[in-house]
Amino acid sequence: MTRQTRGPAGQTARLSVVLAAVTGFSFAAAAQDITVTSYGGIWEEAITECYAKEFNKRTGYKANVLIGSPAQWLSQVEANPDDPPINVIVSTQPNVLAAAEKGLYEPMTEENVPNLKDVPQFFKDAVEGHGACFDYGAFIIAYNKDTVKNPPKTTKELVERTLKGEWVLTMPSISYAISPTVLVWGFADLYGGDVNNVDPAFDVFKQLKDSGNMIAWSSVTDFLNQMSTGEADIGMYWDGRAWAFIDKGNDWLGVVAPEDEAVMTCVAMNAVKNSPPSVWEYLNIVFEPGPMSCFSDYLQYGVTNKLVTYSDKLKNRITPWDATRTGPAREIGKNTAAWIERWNKEIGH
Amino acid sequence: MSNTTSATPSAPLRRTRGFAGAVSPWWILLAGAFLVFFFVAPIANNLLNTDNLATLAERNPPSFYYKKLLTDAYYLKIVGVTVALSVGVTLICVLVGYPVALYLVRYAGRWSGLVIFLLIAPLLTSIIMRTFGWRVIFARRGILNDFLLSIDMLERPIMFLNGPGSVVVGLVHVLVPFMVLSIASVLRSIDPQIEESARILGANRFQTFLRVTFPLSLDGIGTGFIIVFLLANGSFVTLLLLGGGELRTLPLLIYQQFTISRDFQFAAAMSNVLLAIAVGCLYLQLRLIRRKGVKG
Amino acid sequence: MGASSSVGASLELRLEGISKRFGQVVALDRSDLTVEPGLLLSLLGPSGCGKTTTLRIIAGFESPDTGRVVIGDRDVGQLPPNKRGLGMVFQNYSLFPHMTVGENIAFGLKMARVGPREVRSRVGEMLDLVHLPGFEERYPHQLSGGQQQRVALARSLVTRPAVLLLDEPLGALDKNLRENMQFELRRIQRTLGTTTILVTHDQEEALTLSDRVVVMNQGKILQVGSPNDVYEFPHTRFVSEFLGASNLFEGGLAHAGDGTFELAVTHGEDTTVLRVLHDDNVGTGEAMIAVRPEKISLSEEAPDRGNVVRGEVAGHVFRGSYHAYEIEVAGRDDPVFVYSQARSRSGEQVFQPGQAVHMSWDESDSVLLTDN
Amino acid sequence: MNWLPYSVSSRLPRLSLVAYMVAFFVFLLGPIFIVVAISFTTTEFVAFPPKGFTWRWYERFFDYEPFVNSFIVSVELAVATALLGGFIGIPAALAVVRGRVPFADSIMTFLLSPLSMPLIVIGFSLLFFLSALGLGVSFLSLLIAHTVISVPYIVRTVAGVYRSISPDYEETAAVLGANRIQIFFYITLPMIKPGIFAGMLFAMLISIDNLPISFFFGSYETNTLPVVMLSYLEHQFDPSVAAASSIQLVVAVIGLFIVERIYGLDAMAPAT
């Protein structure tokens, strides 16, 4: 329990033996039970229903679902690398690369997760071969049909008409985890820059900001609130979440897949090092067509096993991944701190 | 007659009230050790060896971050905004809270239990939801705009949210009960007869308040100031949810480092600067209050 | 603490060479003091004189820098307060608000692990002694100031302490009640024969209650004696002025033989010779005598014997039992105060302001201040 | 105010103060009222003014296992935090006030200093530190972390109450033969009990609403309600979160009511 030593803490670590003895504390759980992660709300329902329960059924072991965010899970794993409290982590591309680089993840191949063979190479490359993404979303335009009668067809049109003051636009705040990809890289790419030249993106956002017609959303539900309360008329948002919202009886919300191509990001699951072997069974279920399609029905996101057939409803809604733009995750991750600092200084949201 | 007894001023002989036997100075040890071990040590440890977990950015020596924080005009401004916001919110809390404390102590009578209850009740709801309540009020199509539009005060809705105004209102809302209760506890200890004497001596109500009641209650303001200042200094949920990131302070940037940039060295450097500011101010205020006569 | 005997043995209390400093301030300067068994001794002085410090050192709340505290034959200097076998009454009584009267009084007995039956009977005895029978179940906030005082006294005495410490015990009572309680306190203390130390700044209280009075100032013991001694024969100007009013005369002292001295006092151009009785073993030179206002008689005609000083009435007030006059003496800065007993309702001579008078007193009523 | 009749002018300060109080409490309670109102809306999203009336979101709260489980964890944690914080904080408060501790001022500053550290920093640092000690992500770690931030509240409250109590009582007890332990249990403790009660209640409130620290120590067994709520509302913002807040409010109000019954709420004042 105390093998890891961290400077001054290392000296005090010896006390842990005493403390552990006093408190009777132990990590020992049923050896093959695992802890898997999920975002909250509908995510948790999907993961529990489609994956965890399936895992329990097949193996007889328990997959406990921990709700939270990657920031918390990665910290917990890094703090306890020898006896990780978490075995499977859900996270976005830059997080996968960073954690893999630190050696927190077990390599994930077709050998231990056979279902990976049916996942297109594209989704393996997206995380540089550290396993693969299991779902993906496109960052599209969503608008209030009552206040926006003639929605824009492209992202550039959205920008131009916002600058003219036709509506109030809501965009993810820079504090939202995926903003570096969808905002900074996405707009740089669209306006002639690239990952090493993001000036075009900052130019656009400076103009939007100065126009006074742009506000920010800080979470995916924040966006829905802003739209529901009339705080914003139009905004950029995830396709799956928009459709799920519409299905709950909010048909006033409209969706436009921009013709200049939405940015796509994907989410991967990885096995944490020193986890019980049963994680591979869990991950194999994650990439299996049946459970994956179950997951997709919940979240209305695209999933990555090519054998999955979507329901009729979803078929028309899910943006095909080859009709989207994807950014270089590693380069984006490398630049994130610098972009955020620049954003803080120049834009503010 | 006697003219010598008054010649010797009474010296402050008993410097510490109470005798040492009732309480052992060693009783401090448990809490002291607990905080040294579980507060100081972890933070020192964190400062000394934070790895850049889960970020692909390059690593820098700690001095790089301190230099950036203390020389870069942008970050200096952030430090300034942090202090200004805390002080501003605290002062507003004094202004808003003082009459409430006065009412509570002097007029509430048998209602005082209810008043205290209503003061504490907001502290019992989740801060996320309280802040959400404000968002509903301040929204572009929210209650406040609707009201102002309906009485023709406005022609088009104002963006109350995502500005310093909504942040200050939100923070005052969260923190003013602490101020009220601090002031009230001191006001309660002021003998109303002192105020009556001042009235008899010819002071009007306002003068009595200004010259007698207010100076006597400075202790309570001082204690309230400390706690509100510290809480304001460390808050970020309100800034995040009501400020929309518009108003940037150190805690907000620290939060950002944790959740997106994941540059923990920078976060550690910022939190140490924040801690230094807070402890400095706290010590200063304790000294000032002590001089004004709060009993040790 | 002698819980088994029915009456605590009267013990002697001795302070030897006690001194105490707080930072730069000397609170007590090498003081010695002895209280004989069963006596009541008052420490009297202005605030900050060291009397409270003395009491707190005896109680064990402060430890002295030097010196010993001895009760009976035992040096208690190193003992904590709870091992000294004392009783104490504070100015505000400090009755435990969360306990009933009975519980308050029983507290010390419980600490001494006295059995419940004996506790009950002794609490009852003490309540009888302080004239509050049947008050066991009340709470302190239900009592009047005087009743609280009695409970505090009962609580401090129920353990039969070797020494009872009273810190301004009557200070919080109003005047009438205070006088009543003075007698009460004296009665109870005499009944139990407990060696007692009383700290007060009220000279009247000290004189009324004490067997011995100790006058203190600036950390020093100035004079110890019976109330009468200290009042009638103050050694120093401070003592003479602190205990009641005093008129002082300053001048050159000459030996007139046979225990009699003459003080030549100059008022303007006049020199008056005042006679004073004292042991021969006093030096001559500049000296001072003190005369109590009530020892001085006023008359229009110059009397033929005693010390005589001429003056003019500057002020007069009637104080019920006596007339107080302010007499101006030409060439003297301070007026002389004279109290003359009011004798009968009629036929009494009252002097009017502006009237020239002669002040006279017996030479034995002059006190030579030897110790300035 | 001379132009007004005295009977009016003498009451004017009081009347204006009452008017001010009404405005103040509208300000203070308005947002909370909104949250409670939202929890009854029949709409799928958070709407104000609420449309219709339904208990559905409360049913959802009790049906949704993570809400209920984390709520139980939160309550257990709050109680444990108050007890441990009291055990640690009360003696320290007494010592600072009357223990003749050298540099009492600075020590008080130190004891209050966790207040001024951003909680997220405390949480993150403690996660690594406690993990190095082998405590990892566990209820015990969570308890330690929460105790760190609740000690200042307990120390402040207890010190405030203790300071207001004359030392004469303890001195009297000492003279009457009580030793230090007896003084503490017979005299000091009963007299500072309102302060202890209030301080521990504050510690519970601080603990039960804490997010930035609990966040780092959440395991599937030890996730607290705020962590689950935040994660829930980030990804699915239906009014059940408002219902969860309202339930939390009701539980806390019951707690306050008990305090009011036992000691009166005035004891809470020094805690701030």
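Student: How much area is buried between domain 1 of chain A and domain 2 of chain A?
Tutor: About 1700 Å², and carbon and sulfur atoms give 53% of that. Buried area is the accessible area (1.4 Å probe) that two parts lose on being put together, summed over both. A:Tyr301, A:Arg317 and A:Thr319 supply 32% of what domain 1 of chain A buries against domain 2 of chain A, more than any other three residues. Before we go on: this is a predicted model, where local features need pLDDT of at least 70 and side-chain atom pairs count only at pLDDT 80 or more, while totals for chains, interfaces and linings use all residues. Residues are numbered from 1 along each chain as written, chains are lettered from A and ligands numbered from 1 in the order written, and side-chain values use heavy atoms, leaving out hydrogens and water.

Student: Where do the bounds of the two domains of chain A lie?
Tutor: Domain 1 is 8–135 + 266–322, and domain 2 is 137–264 + 324–346. Such bounds come from an automatic or database domain assignment. The C-alpha centres of the two domains of chain A lie 28 Å apart.

Student: What makes A:Arg317 and A:Asp247 a salt bridge?
Tutor: The rule wants a side-chain nitrogen of Lys or Arg within 4 Å of a carboxyl oxygen of Asp or Glu. Here the closest N and O atoms are 2.8 Å apart, so the pair A:Arg317 and A:Asp247 qualifies. The count between these two domains of chain A is 4 salt bridges.

Student: And why is the pair D:Asp209 and B:Arg130 called a salt bridge?
Tutor: Same test: their closest N and O atoms are 3.9 Å apart, which is within 4 Å, so the name applies. Across the interface of chain B and chain D, the rule finds 1 salt bridge.

Student: How many residues does each chain put into the contact between chain B and chain D?
Tutor: Chain B gives 91 residues and chain D gives 95, where contact means heavy atoms within 4.5 Å. The area buried between chain B and chain D is about 8700 Å², with 78% from carbon and sulfur atoms. B:Trp27, B:Leu124 and B:Met129 supply 8% of the area that chain B buries against chain D, more than any other three residues.
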